[in-house]
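Student: I have a model open and would like to go through it with you. Can we take it piece by piece?

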Amino acid sequence: VAALSLIALLWKPYGKQTTLLLGLCVLAYLAGMGIGVFQTGVEQHWWQSVSGCASQPLQNLSVEEMRQALLQTEEVPCDIIGWTFFGFSLANLNIPISLTLAFFAALVALRNK
């Protein structure tokens with residue numbers, strides 16, 4: 001979205017190409033919102049997730065060490081909420097934020113049209 005927005009901002013004169021780029025931003029934000037909805041459903045046990053989630057710091061490692069670390073990473077259940085803000089997980093917060101950004105991108109795209 002950042003790259004699309006920057007290209008749209010720098011593209012002069014503003015025209016159909018800019019509107020198309022902003023439309024792609026809207027779709028990207030809506031896709032992000034969909035991912036947030038999916039992850040929220042997983043966290044709330046409304047449906048099953050993919051096979052597993054894993055996270056491990058991979059800083060200051062050689063390529064071979066990274067490969068070994070990735071191969072040995074233990075899968076963590078995706079329904080475990082790692083961090084919350086006022087009781088909301090990052091997936092929960094992603095939904096209204098992405099929807100708001102999609103709305104404003106659509107507003108600018110329609111205004112440009």
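Student: Where does Ser98 lie?

Tutor: This is a predicted model. In it, Ser98 is part of helix α4.

Student: Is Ser98 buried or exposed?

Tutor: Ser98 is buried, because its relative accessibility is 6% and the cut-off for buried is under 20%.

Student: What does Ser98 touch, leaving out residues up to four places away in sequence?

Tutor: With those left out, Ser98 touches Tyr29, Gly32 and Met33.

Student: On to the helices, then. How do the axes of α2 and α4 cross?

Tutor: The axes of α2 and α4, the latter being residues 90-112, come within 8 Å and cross at roughly 165°. Angles over 145 degrees count as roughly antiparallel, and α2 and α4 are therefore roughly antiparallel to each other.

Student: Left-handed or right-handed crossing?

Tutor: The crossing of α2 past α4 is left-handed.

Student: How do the residues of that contact divide by class?

Tutor: In the contact of α2 with α4 there are 16 nonpolar residues, ten polar and one charged.

Student: What about α1 and α2, how do their axes cross?

Tutor: Helix α1 covers residues 2-10 and helix α2 covers residues 16-43; their axes come within 9 Å and cross at roughly 160°. That angle makes α1 roughly antiparallel to α2. The crossing of α1 past α2 is left-handed.

Student: Which residues meet there?

Tutor: From α1, Leu4, Ser5, Ile7 and Ala8. They meet Thr18, Leu21, Leu22, Leu24 and Cys25 of α2. By class, the contact of α1 with α2 has seven nonpolar residues, two polar ones and no charged ones.

Student: Let me pick another residue. Where is Val42?

Tutor: Val42 is in helix α2. Its relative accessible area is 3%, so Val42 is buried.

Student: What does Val42 touch, again not counting residues up to four places away in sequence?

Tutor: Val42 touches Trp47, Gln48, Ser49, Cys78 and Asp79. As for Asp79, it is 37 residues from Val42 in sequence and 5.4 Å from Val42 in space, C-alpha to C-alpha.

Student: How accessible are Phe38 and Trp47?

Tutor: Phe38 has a relative accessible area of 35% and is partly exposed. Trp47 is at 37% and also counts as partly exposed.

Student: And what about the rings of Phe85 and Phe86, stacked or edge-to-face?

Tutor: Edge-to-face, because the planes of Phe85 and Phe86 are at 70° and angles over 60 fall in that class. Their ring centres are 4.5 Å apart. Phe85 is partly exposed at 42% relative accessible area, whereas Phe86 is exposed at 74%.

Student: Which residues form an aromatic cluster?

Tutor: Phe38, Trp46 and Trp47 form one.

Student: Back to Phe86. Where is Phe86 found, and what is its phi?

Tutor: Phe86 is in the loop between β1 (84-85) and β2 (88-89). Its phi is positive, about 55°, although Phe86 is not a glycine.

Notes
Residues numbered from 1 in each chain as written. Predicted model: local features only at pLDDT ≥ 70, side-chain atom pairs only at ≥ 80, totals over all residues. Heavy atoms only, no water. Buried < 20%, exposed > 50% of the residue type's maximum accessible area, 1.4 Å probe, protein only. Phe/Tyr/Trp six-rings, centres within 6.5 Å; stacked < 30°, edge-to-face > 60°. Axes fitted to C-alpha atoms, helices over the stretch in contact; angles between N-to-C directions. Helix = DSSP H or I, 4+ residues; strand = E, 2+ residues; numbered from the N terminus. Parallel < 35°, antiparallel > 145°, perpendicular 65-115°, else oblique. Left-handed = near helix turned anticlockwise from the far one by under 90°. Contact = heavy atoms within 4.5 Å. Nonpolar A, V, L, I, M, F, W, Y, C, P; charged D, E, K, R; others polar.
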